Amino acid sequence: MLTIGGLCWLCRMPLHLSRHGICSYCLRHLTAPPACPRCGLPSASPDLPCGRCLRQPPPWQALVAVTDFRPPLSHLVHRLKFSHTPELAPVLARLLLLRWLEAHRHGRVVRPHQVISVPLHRRRQWRRGYNQSDLLAVPLARWLGCGYREDTLQRTRATPAQRALTAARRQRNLRGAFHCGQNLAGCHVALLDDVVTTGSTVAEICALLNRAGVASIQIWCLCRTL
């Protein structure tokens with residue numbers, strides 16, 4: 001007798017493997033437009049840095065995103081963050097794993113030694129009940145055999161939510177807001193955030209990690225706002 005282990009989070013049809021969370025049909029439709037492999041913004045070639053990165057490269061070497069910030073994935077990210085649905089985390093982490101494996105096959109990324117999640121301030125994490133980036137990072141580090149520590153980065157002061165600020169104010173808002181408590185000199189690092197918009201948050205952390213002497217940084221995110 002066939003038993004139904006779960007439903008797809010997107011189309012609500014029965015899944016063959018419930019742990020996947022999203023059916024193969026919906027997975028095929030989670031596509032992203034061609035993007036620069038370094039900044040993740042629209043580009044004619046997914047294999048060569050765009051003109052923006054050639055003129056002013058960001059403080060990281062590669063960016064891996066599942067899609068740009070649009071439905072249906074943006075709805076699932078919103079549910080994970082604001083609707084207390086932590087069971088979505090391994091489902092979304094698997095999408096990011098598949099996108100990373102694709103980039104790795106094409107030689108765009110190296111396997112990192114350490115996965116680092118963007119931290120929340122302790123008060124915001126207490127109100128939410130969890131840090132969604134931690135929930136994504138744990139299975140990814142396990143699947144790829146990378147190191148992971150929840151306390152590698154700390155947010156040393158509370159800051160206003162980034163989504164309410166302009167790009168210039170986002171940069172000022174985050175100055176000196178993070179501390180790295182682990183020796184990462186010579187390590188290839190993956191920095192994970194759920195959504196990258198202007199890149200201000202990951203750029204501030206990358207500056208800190210580069211000063212610590214990391215070998216390279218790749219950004220992992222579910223959505224890259226274009």
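Q: How is accessibility read for histidine 84: is the residue buried or exposed?
A: A residue is called buried at under 20% relative accessible area, exposed at over 50%, and partly exposed in between (1.4 Å probe, protein chains only). Histidine 84 has a relative accessible area of 54%, so the residue is exposed. This is a predicted model, in which local features need pLDDT of at least 70 and side-chain atom pairs count only at pLDDT 80 or more, while totals for chains, interfaces and linings use all residues. Residues are numbered from 1 along each chain as its sequence is written, and side-chain values use heavy atoms, with hydrogens and water left out.

Q: Where is histidine 84 found?
A: Helices (H or I, at least four residues) and strands (E, at least two) are DSSP runs, numbered from the N terminus. Histidine 84 sits in the loop between α3 and α4.

Q: Which residues does a cis peptide bond join?
A: Proline 71 and proline 72 are joined by one, with omega about 5°. Proline 72 is placed in the loop between β1 (62-68) and α3.

Q: At what angle do α3 and α4 pack, and how is that angle read?
A: Axes are lines fitted to C-alpha atoms, for helices over the stretch in contact, and angles run from 0 to 180 degrees between N-to-C directions. Helix α3 (residues 73-82) and α4 pack at about 140°, with their axes 10 Å apart. Angles under 35 degrees count as roughly parallel, over 145 as roughly antiparallel, 65 to 115 as roughly perpendicular and the rest as oblique. That makes α3 oblique to α4.

Q: Is the crossing of α3 and α4 left-handed or right-handed?
A: A crossing is left-handed if the near helix is turned anticlockwise from the far one by less than a right angle, and right-handed if clockwise. For α3 and α4 the crossing is left-handed.

Q: Which residues make the contact of α3 with α4?
A: Contact means heavy atoms within 4.5 Å. From α3 come Leu73, Leu76, Val77 and Leu80, and from α4 come Ala89, Leu92 and Leu95. For classes, Ala, Val, Leu, Ile, Met, Phe, Trp, Tyr, Cys and Pro count as nonpolar, Asp, Glu, Lys and Arg as charged, and the others, Gly among them, as polar. The contact of α3 with α4 has seven nonpolar, no polar and no charged residues.

Q: At what angle do α4 and α6 pack?
A: The angle is about 50°, with the axes 9 Å apart, and the two helices are therefore oblique to each other. The crossing of α4 past α6 is right-handed. Residues in the contact include Arg94, Leu97 and Trp100 of α4, and Leu136, Pro139 and Trp143 of α6. By class there are 14 nonpolar, no polar and one charged.

Q: How many aromatic pairs are there?
A: Rings of Phe, Tyr and Trp (its six-membered ring) pair if their centres lie within 6.5 Å; planes under 30 degrees apart count as stacked, over 60 as edge-to-face and the rest as tilted. By this rule there is one aromatic pair. The rings of tryptophan 100 and tryptophan 220 have centres 6.3 Å apart and planes at 65°, so the pair is edge-to-face. Tryptophan 100 lies in helix α4 (residues 89-105) and tryptophan 220 in strand β7 (residues 216-224), so the pair ties together parts that are 120 residues apart in sequence. Tryptophan 100 is buried at 1% relative accessibility, and tryptophan 220 is buried at 0%.

Q: What does serine 133 touch?
A: Not counting residues up to four places away in sequence, serine 133 touches Ser117, Val118, Leu192, Asp193 and Asp194. Serine 133 is in helix α6 (residues 132-144) and counts as buried at 1% relative accessibility.

Q: How many residues apart in sequence are glycine 181 and leucine 153?
A: They are 28 residues apart in sequence and 6.2 Å apart in space, C-alpha to C-alpha. Glycine 181 lies in the loop between β5 (178-180) and β6 (188-196) and is partly exposed, with a relative accessible area of 42%. Leaving aside neighbours within four places in sequence, glycine 181 is in contact with Arg149, Thr152 and Gln154.
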